Amino acid sequence: MSGNGERLLVLYFESYPSNLDYFRDFRGKTVEELKGTPKFIAHGTNVICAINGIVMHLNEPAILVEVVKKVGYSHGRRQITIQALTELKATILKLFQEKLKTKYNQEVEKIWSKTLDIIMQVFQAGVQEHINDHKSDS
């Protein structure tokens, strides 16, 4: 699982290097410098575990919403933009295509694209909830 997580982050930051700025521990470093480091691998593993948790609850919408919202909320202090989420979605689809090879087709992409759109909306709602909860902290 950690290999897939690290691969996802490599694809993401190679395509969208400005998103490294969201990560205090990654700022000012290149993807090459980050590859293989424990913090980079650990974060990639966390992302894959979160995706796994989401997949496990696809048939339980109420639980799925709470899981995704909680992850979004925890990312709220970074004020993740819609653009960064769109870029993450594109990267996840790219990883799926890379890993699924010939099993990845237009139908798979369409289904996952729609699913990720919904997940990203709920994630963004969690981010916004965090921002709203902490407006008075500024």
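Five helices, α1 (2-15), α3 (38-56), α4 (61-74), α5 and α6 (106-133), each contribute at least two residues to the lining of the largest pocket; helices here are DSSP runs of H or I with at least four residues, numbered from the N terminus. The model is a predicted one, in which local features require pLDDT of at least 70 and side-chain atom pairs pLDDT 80 or more, while totals for chains, interfaces and linings use all residues. Residues are numbered from 1 along each chain as its sequence is written, and side-chain values use heavy atoms, with hydrogens and water left out.

The volume of the largest pocket is about 540 Å³. A pocket is defined on a 1 Å grid over the protein atoms alone, as an open set of points where a 1.4 Å probe fits, with protein on both sides within 12 Å along at least five of seven lines; lining residues have an atom within 4 Å of a point. Grid points are joined across faces, edges and corners, and the volume is the space filled by probe spheres set on the points. The lining comprises 26 residues, with V47, V71, H75, L88 and F123 lying nearest the centre of the pocket. Helix α3 gives the most to this lining, with 7 residues. By class, 21 lining residues are nonpolar, 4 polar and 1 charged, where Ala, Val, Leu, Ile, Met, Phe, Trp, Tyr, Cys and Pro count as nonpolar, Asp, Glu, Lys and Arg as charged, and the others, Gly among them, as polar.

The second largest pocket has a volume of about 230 Å³, and its lining is made up of 4 nonpolar, 2 polar and 6 charged residues. Among the residues that line it are F23, D25, F26 and K39. The side chains of D25 and K39 form a salt bridge (3.5 Å, N to O), a salt bridge being a side-chain nitrogen of Lys or Arg within 4 Å of a carboxyl oxygen of Asp or Glu. This pair links the loop between α1 and α2, which holds D25, to helix α3, which holds K39, 14 residues apart.

In total, 5 salt bridges are found by this rule. One of them joins the side chains of R7 and E98 (2.9 Å, N to O). Because R7 lies in helix α1 and E98 in helix α5, the pair ties together parts that are 91 residues apart in sequence. Another is formed by K89 and D117 (2.6 Å, N to O); K89 belongs to helix α5 and D117 to helix α6, so parts 28 residues apart in sequence are tied together. K89 is buried at 15% relative accessibility, whereas D117 is partly exposed at 34% (buried, under 20% relative accessible area; exposed, over 50%; partly exposed, in between; 1.4 Å probe, protein chains only).

The whole structure contains 8 aromatic pairs, for which rings of Phe, Tyr and Trp (its six-membered ring) must have centres within 6.5 Å, with planes under 30 degrees apart counted as stacked, over 60 as edge-to-face and the rest as tilted. F13 and F23 pair edge-to-face, at 5.5 Å centre to centre and 85 degrees between the planes. F23 and F26 form a stacked pair, at 5.1 Å and 25 degrees. Ring pairs link Y12, F13, Y16, F23, F26 and F40 into a cluster.
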